[in-house]
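Try each task before reading its solution.

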Amino acid sequence: MAERPEDLNLPNAVITRIIKEALPDGVNVSKEARRAISQAASVFVLYATSCANNFAMKAKRKTLNAADVLAAMEEMEFERFLEPLREALEVYKKGKKEVSDQKRKEKEKKETDNDKSREEEDDEERMEEEPEAENDAEEEEVEN
Amino acid sequence: LSRDMSANTADKDNNVSTNKNISLPISRVRLIMKSSPDVSNINQEALFLTTKATELFVQYLAVSSFNNGSGKGSKSLSYSDLASTAEEKDTFHFLTDILPKKILAGDYLKTLEQIEDEEADI
């Protein structure tokens, strides 16, 4: 799908911001250094993808999953990323679940608005319907 | 990580907090991943993790290069600091191809001459 080579670059502004936030205040990062880090990041993505894909292939799966990426980090000797990645994944899952709960709530709200006999008390019941929300998330994943 | 967000107050910010977790565009990372020929499908969590890992990588590469580099006193990070880190640190070794050490043409010619001299000696 990547028709132009620049599509395989990451946006410079974002990369620059991440670098600045990681380094002490006032460090000057040369333009050449920024470009090199950006290229390195693209190579990192490719390397990680290829490692993760090997794990998926070994397990005879066609879809890369979170465990494959984590295993790839270990293989690449970036174990130091594992803990922050696991934490971020938890937050991400939690956020996703809440978003899908939210969507479902809104949808149901519309329905209940139409059905005028219902009142707000239903809200609390809806929060407990977790399994359904997880199914929603999985369906979204398959689309990729 | 506010775990105390009660179900009722956790409303509109959800979208923001999920997105704030990462700053690189997921769509671009996906494009790069998909450019790898063997990869067929990537689930959302794998995509999210790769994006997050790339951010951690950028931070780690920048900080390691700055700490090991020559510009610590002058508060600067240069290309050569990165190239040295790629060469010296095992975890960054895969970058040596795209971060070649730069040498001056004059130095290169001298090295070539030396090699020729040495060969002549033999």
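Predicted model: local features only at pLDDT ≥ 70, side-chain atom pairs only at ≥ 80, totals over all residues.

Residues are numbered from 1 along each chain as its sequence is written, chains are lettered from A in the order in which they are written, and side-chain values use heavy atoms, with hydrogens and water left out.

**Exercise 1.** State how many helices and strands chain A has, and their order.

Solution. Start with the count: chain A has 6 helices and 2 strands. Helices (H or I, at least four residues) and strands (E, at least two) are DSSP runs, numbered from the N terminus. Then read the order from the N terminus: α-β-α-β-α-α-α-α. Last, take burial: 40% of the 144 residues in chain A are buried. Buried means under 20% relative accessible area, exposed over 50%, partly exposed in between (1.4 Å probe, protein chains only).

**Exercise 2.** Find what covers the buried residues of H4(B).

Solution. Locate helix H4 of chain B at residues 79-88. Count next: 7 of its 10 residues are buried. Among them are Tyr79(B), Asp81(B) and Leu82(B). Now look for the cover. It includes helix H2 (31-58) of chain A, plus helix H3 (44-68) and strand E2 (76-77) of chain B.

**Exercise 3.** Decide whether Glu119(B) is buried or exposed.

Solution. Check its relative accessible area: 53%. Glu119(B) is therefore exposed.

How values were computed:
Contact = heavy atoms within 4.5 Å.
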